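Subject: Structure handover

Hello,

Here is the structure for you to look through. My notes follow below it.

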Amino acid sequence: MKELSLNILDIAENSVKAKATVVKILIDETENEKENTLKITISDNGCGMTEEVLKNVTDPFYTTRTTRKVGLGLPFLKLAAEQTGGNLKIVSKSKEEEKTNHGTAVTACFNKNHIDFTPLGDIVSTVVTLIQGHPETDFIFIHTKNKKESAVLKTEELRKILGKDIPLNSFEVITWIKDFLTESYKEAVDK
Ligand SMILES: Nc1ncnc2c1ncn2[C@@H]1O[C@H](COP(=O)(O)OP(=O)(O)OP(=O)(O)O)[C@@H](O)[C@H]1O
Ligand SMILES: [Mg+2]
């Protein structure tokens, strides 16, 4: 995959498939003399993985899907992280293990200085695509650079303002979200 934003889309789709009601996407960049890193965390309150699934999940020939024999979302993200000298970590508690506190958190760390680092790419499109495709799911998106927020979007807050009658995937709302995020990034650069 040419852009990390596409990997993020894939991993967040896993969360939706796991019936999560809230999916959190955090992007955290640190840039100083010692460090130039990007950390992506995607966490959800979905059904979680059993230990068996968790053990095998970064093996491309393991999948619980029945339509195809390979699952590539997590193996691809792991490869992208490791080829920069970074890593991938998955923490998951299944519904069977944890009645109320179940869910999954996937964290990938990247060294941006590495020649094999894949750029983040069009993250605004990823967030917009997720909301458009899953208007009932709540998404929390926070992108920080050196601890300063460059873009933040919480669909729960939009939902409160819009009320019950306007779905998040209506044309006007989607256009607004796209413009809002694009502007946030522009302002963050100008600062
Ligand atoms: N957030 C999650 N919650 C629960 N289970 C998950 C989650 N993410 C992944 N899994 C489990 O791990 C398996 C592998 O995920 P992966 O994204 O690598 O492949 P896939 O979703 O099966 O196929 P693909 O992403 O290629 O369409 C999934 O089939 C699912 O069982
Ligand atoms: Mg997947």
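Two strands pair if DSSP finds at least two bridges between them. Strands (E, at least two residues) and helices (H or I, at least four) are DSSP runs, numbered from the N terminus.

This is a predicted model: local features need pLDDT of at least 70, side-chain atom pairs count only at pLDDT 80 or more, and totals for chains, interfaces and linings use all residues. Residues are numbered from 1 along each chain as its sequence is written, and chains are lettered from A and ligands numbered from 1 in the order in which they are written.

The sheet comes next. Six strands form an open sheet with mixed pairing, in the order E3-E4-E2-E1-E5-E6. E3 (87-93) and E6 (148-154) stand at the edges with a single partner strand each, so one side of each has no neighbour in the sheet. E1 (residues 22-31) pairs with E2 (residues 36-44) in the antiparallel sense, over nine bridges. Thr30 has Thr37 in E2 as its bridge partner.

Now the helices. H1 (residues 4-17) packs on H4 (residues 123-133) at about 20°, with the axes 8 Å apart. Axes are lines fitted to C-alpha atoms, for helices over the stretch in contact, and angles run from 0 to 180 degrees between N-to-C directions. H1 and H4 are therefore roughly parallel (angles under 35 degrees). In H1, Ser5, Ile8, Leu9 and Ala12 meet Ile123, Ser125, Thr126, Thr129 and Leu130 of H4 (contact: C-beta atoms, placed from the backbone, within 7 Å).

H1 also packs on H3 (residues 73-82), at about 145° with the axes 9 Å apart.

Best wishes

Notes
Angles under 35 degrees count as roughly parallel, over 145 as roughly antiparallel, 65 to 115 as roughly perpendicular and the rest as oblique. Two residues are in contact if their C-beta atoms, placed from the backbone, lie within 7 Å.
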